[in-house]
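Hi everyone, thanks for coming. Let me put the structure up, and then I'll walk you through the core, the overall fold and the ligand site.

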Amino acid sequence: MRKPTLSPTRFATYLACPVKYRWSYIDRRYQWFVKAKSYYSFGVSLHQVLERFHDSQDLGVQTTGEAVAALEENWMTSGYSSPEEAAEALAEGRVMVEGYVATAVEEEEGSTTLFVEKDLQKDMGDWTLSGRIDRISERKDGKIEIVDYKSGSLPPESPIYDIAMGCYALLATPLFPEKEIITTIVSLRNGARASAERSQDELAEFEADIRKLASDILNRDYPTIDPKPKPLCTHCDFLRVCATHPDFAENFAAYGSIPEGF
Ligand code: SF4
């Protein structure tokens, strides 16, 4: 039998709400509730440009003008409520790409890109850890840098506490057994960067933690979990599904109203 696969997105979904994890990955009968998201289109459009910019095999996106042209050519519009909203987001995206290209040349001087959009997997025993890393570079000091782009601002915590960055470090370590690994989050919104190094002990501790989390995710009895109203529910595709659960609608009143039409 094929082993289950867990990824940073799956971990984040489960930690945010196990019921959402159930509807997203275990019991997919309500997938038709899932709507296209403009923030997803925005992030993918930006990532595609940066992938081309850092790909040494791709000579078509090397300057700010070429990067902006590539963004305009491949701009994804799904999830936006109107052409005007999509055009406004494209204008914002142009500024972000221009800002990124201008600072990347300086920040990354002497650094060599080794991989872009790299899919990696690691056998964890009875499950597989999987992840796609935006970029892996070798810096001029010889350290390996794992870079993750965020369309928004940097998270308030150091990347050392970011579950996705921990997973990426675990996934990339076997490729560079002799090298020190740094994880860096880059905000495309304002160019801010945050980096963290993990010792082998810290990485081992992180691995032990996600093994426990994975065991919880893979062994949970999902149908017995009651949905609990929380702020996240207001933007959740499954709100109308959870609203059919006894008491949910009444307890959700503090957060907002439930759309009609299940
Ligand atoms: S509506 Fe709320 S409780 Fe239901 S799946 Fe979404 S986040 Fe979870």
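In the largest nonpolar core there are 45 residues, and those touching the most other members are Val49, Ala67, Val97, Ile146, Tyr168 and Ala172. By such a core I mean buried Ala, Val, Leu, Ile, Met, Phe, Trp, Tyr and Cys residues joined through C-beta atoms within 7 Å; buried means 20 or more other C-beta atoms within 10 Å of a residue's own, with C-beta atoms placed from the backbone. Helix α6 (residues 163–172) supplies the largest share of this core, seven residues. Helices here are DSSP runs of H or I with at least four residues, strands are E runs with at least two, and both are numbered from the N terminus.

Please keep in mind that this is a predicted model: local features need pLDDT of at least 70, side-chain atom pairs count only at pLDDT 80 or more, and totals for chains, interfaces and linings use all residues. Residues are numbered from 1 along each chain as its sequence is written.

What does Ala172 contact, leaving aside its neighbours within four places in sequence? Its partners are Leu120, Ile133, Ile136, Ile144, Ile146 and Ile181, where contact means backbone-placed C-beta atoms within 7 Å.

Zooming out, the protein chain has nine helices and six strands, and 25% of its 262 residues count as buried.

Now the ligand. Among the residues around it are Cys17, Trp23, Cys233, Cys236 and Cys242, using a C-beta cut-off, again placed from the backbone, of within 6 Å. Helix α2 (18–26) gives the most to that shell, three residues. Thanks, all!

Key. A residue is buried if 20 or more other C-beta atoms lie within 10 Å of its own, exposed if 12 or fewer, and partly exposed in between; C-beta atoms are placed from the backbone. Two residues are in contact if their C-beta atoms, placed from the backbone, lie within 7 Å.
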